Amino acid sequence: MFHWLEKNPFFFAVGVFLVIAFAGLIEILPNFAEASRPVVGLKPYTVLELAGKEVYKKDNCIACHSQLIRPFKSETDRYGQYSLSGEYAYDRPFLWGSKRTGPDLHRIGNYRSTDWHENHMWDPKSVIPQSIMPAYKHQFSNIADIETAYAEAVTVKKLFNTPYDVDGGVALGSWEDAQAAALTEAKAIAADMKNQDVKDLVANGQIPEIVALIAYMNKLK
Amino acid sequence: MTYIFSNKGVCMQSNAALEYDYSVAKLFTYTTILFGILGMLIGTLIAAQMAFPELNYFFGEYGTFSRLRPMHTNIVIFGFTLSGIWATAYYVSQRVLKVSMAESKFLMALGKIHFWLYFFGALAAVITLGMGITQAKEYAVFEWPIDVVIVLIWVIWGLSLFGLIGIRREKSLYISMWYYIATFLGIAMLYLFNNMAVPTYFASGGYGSIFHSVSMYSGTNDALVQWWYGHNAVAFGFTVPIIAMIYYFLPKESGQAVYSYKLSLLSFWGLMFVYLWAGSHHLIWSTVPDWMQTMGSIFSVVLILPSWGSAINMLLTMKGEWNQLTENPLIKLMVLASTFYMLSTIEGPIQSIKSVNAIAHFTDWIPGHVHDGVLGWVVFMIMAALFHMAPRMFKKEIYSKKLIDMQFWLQTTAIVLYFTSMWIAGITQGMMWRAVDEYGNLMYSFIDTVAVLHPYYTIRAVAGVLYLLGFFMFAYNMILTMTAAKKIDTEPQFRSPMA
């Protein structure tokens with residue numbers, strides 16, 4: 001049979017494809033519907049938080065930080081309750097990461113404050129003297145892309161029925177509504193910050209990346 | 001042209017009867033060197049950043065470790081390795097199929113389109129990634145417009161590959177061709193499914209960035225598809241096509257026949273079947289169902305068989321000819337590549353065992369594992385292949401044998417420093433994370449487990465510099481082979497001539 005296959009490239013290719021496709025069918029498909037079910041009470045991200053998630057992606061925090069607490073006592077002692085599948089139901093993409101050069105962040109919102117993040121992102125060594133994390137000062141002046149975050153929220157609402165604008169969900173509304181809501185949220189965060197440039201930007205209706213990122217960090221609980 | 005037909009109907013042809021056309025193989029050879037230097041340069045910089053964080057600030061927001069890390073991985077995977085795969089594929093497939101690309105204007109054109117589309121696609125990928133436009137899925141970071149270009153490139157390669165197969169004279173496909181075909185099919189399937197995403201600009205009716213997309217899968221599902229992809233991108237990018245190379249270049253360079261056809265059959269079909277299951281070993285102790293984690297774990301261990309099958313087949317090919325190891329540095333590169341393949345494919349299964357994974361996961365042992373595979377196996381094999389191809393493509397002797405010897409020892413030392421330091425770093429950190437005192441309290445704060453790694457990060461950075469130096473020697477040797485080396489009149493049959 002193998003000699004025959006080696007003389008018939010088409011059937012050879014079909015054979016290879018069947019053999020390699022098999023595992024995916026068995027391993028991935030059966031659990032698909034169940035694994036995407038949210039835990040009770042899970043709310044989708046607000047537009048500002050989504051914009052913060054984009055900052056997290058853009059500056060590629062996953063290179064060094066995980067968002068997955070494994071079910072070991074040493075991990076639950078350090079980071080809090082181990083992660084559940086349903087907590088990630090609105091995470092597109094998943095941001096578990098694969099390397100912990102820095103600590104896990106899945107429940108960072110439980111034990112770090114806006115103030116701490118502000119100091120830490122400006123100069124990590126100011127709060128953790130031995131830290132090897134670089135400073136992310138540019139996040140204090142770069143403006144977050146709220147419109148793209150809004151586009152993402154609209155997309156997941158339409159296509160994947162993510163609960164925006166429903167009872168117990170998160171309000172989204174029109175682009176104007178979303179903009180206003182994001183700014184209100186941003187003002188609340190900026191009020192807890194001390195950087196004057198950030199405060200000025202927000203007062204002028206512009207949201208720096210750091211504010212969006214902190215909104216996202218605070219949501220991670 | 002003269003052909004000798006054996007009684008089995010296998011078409012054999014006397015040497016040098018057919019003028020193969022290497023123009024596309026040459027183009028991909030240049031980009032292999034170019035992207036190799038670029039990717040490894042960035043790799044060395046980010047290794048140094050972990051030891052000396054002040055190095056994060058050379059290029060403003062574009063120069064932090066986090067931003068450069070995907071640059072490094074993507075340039076070495078989709079720049080260096082893919083170029084190497086295609087350089088060798090365009091070289092090997094003509095020779096084992098006994099057909100020249102020059103015989104078909106269509107295939108020639110397709111090959112050139114393939115290269116230039118790839119080259120500009122790669123530039124666009126580097127630029128967008130630099131700007132921070134990313135899907136943030138490891139090794140699948142490119143946003144949808146780049147994905148569309150990549151799919152197009154892949155289709156063109158498929159047409160080109162199967163086009164050449166379509167007009168072949170040698171009816172039976174040589175082992176290397178099996179692996180190149182598998183590379184084409186595997187990556188096609190994985191890449192398509194993992195990159196399923198909806199561009200938000202269109203779905204929202206014109207809001208926001210046109211580049212942005214949102215994954216069709218969420219959370220745990222996204223993780224599962226991603227690591228099914230991520231693991232098997234390693235399979236079909238770093239393993240399968242590299243095996244294609246060694247099955248061609250080791251017998252060719254040594255003049256030895258492949259040790260066992262049956263072993264190559266077993267290894268090939270075994271690898272195809274088993275590899276794909278192992279993806280979920282990246283998700284052990286995560287929120288994917290336990291049975292999937294167990295499957296990933298078990299199949300990873302089973303994977304030793306087909307992996308070692310190929311490697312042992314290659315080592316036994318050298319049976320009785322081990323003296324070549326001391327005489328020919330290309331044999332040395334390939335034998336070491338095969339050995340590192342064995343090391344890497346025993347290490348992976350060990351890390352996939354659940355209890356080991358609990359310590360190893362998230363630590364530096366993982367990049368350590370990746371790098372003994374890629375530095376030892378992938379890069380060594382690609383360099384050996386290009387060295388073998390150079391005299392035949394450029395009709396020149398290899399510029400310097402001595403330089404290859406020096407490079408070999410420099411880089412081998414670098415690899416050993418790299419993986420040993422990362423083994424120690426990984427296991428140290430993994431143990432410190434879980435260490436508890438006599439009352440059951442955690443003994444170390446997280447930053448303690450970072451500070452302790454400084455010496456190992458320093459050693460790794462030194463290893464990176466050594467390896468990079470070796471790669472510069474390779475590039476220098478190749479460039480001088482093309483430009484300054486002595487001309488040769490007849491194509492060498494086996495051992496590559498070198499000064």
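Biologist: Which pattern does chain A follow, read along the sequence?
Modeller: This is a predicted model; local features need pLDDT of at least 70, side-chain atom pairs count only at pLDDT 80 or more, and totals for chains, interfaces and linings use all residues. Residues are numbered from 1 along each chain as its sequence is written, while chains are lettered from A and ligands numbered from 1 in the order in which they are written. Helices (H or I, at least four residues) and strands (E, at least two) are DSSP runs, numbered from the N terminus. Chain A has eleven helices and zero strands, and its pattern reads α-α-α-α-α-α-α-α-α-α-α.

Biologist: What is the radius of gyration of chain A?
Modeller: The radius is taken over C-alpha atoms, and the globule rule is 2.2 Å times the number of residues to the power 0.38. For 221 residues that rule gives 17 Å. Chain A is well over that, so it is more spread out than a compact globule, at 22 Å.

Biologist: Which helix gives the most to the side of chain A that touches chain B?
Modeller: Two residues are in contact if their C-beta atoms, placed from the backbone, lie within 7 Å. The contact takes 69 residues from chain A and 72 residues from chain B. Elements giving two or more residues on the chain A side include α1 (2–7), α2 (9–28) and α8 (146–160). With twelve residues, the one that gives the most is α2(A).

Biologist: Is Phe362(B) buried or exposed?
Modeller: Phe362(B) is not a glycine, yet has a positive phi of about 75°. Its place is the loop between α13 (354–360) and α14 (365–394) of chain B. A residue is buried if 20 or more other C-beta atoms, placed from the backbone, lie within 10 Å of its own, exposed if 12 or fewer, and partly exposed in between. Phe362(B) has 26 other C-beta atoms within 10 Å, so it is buried.

Biologist: Which residues of chain B have pLDDT under 50?
Modeller: pLDDT is the predictor's confidence in each residue, from 0 to 100. The mean for chain B is 94, and 97% of its residues reach 70 or more. The stretch where pLDDT stays under 50 is residues 1–16.
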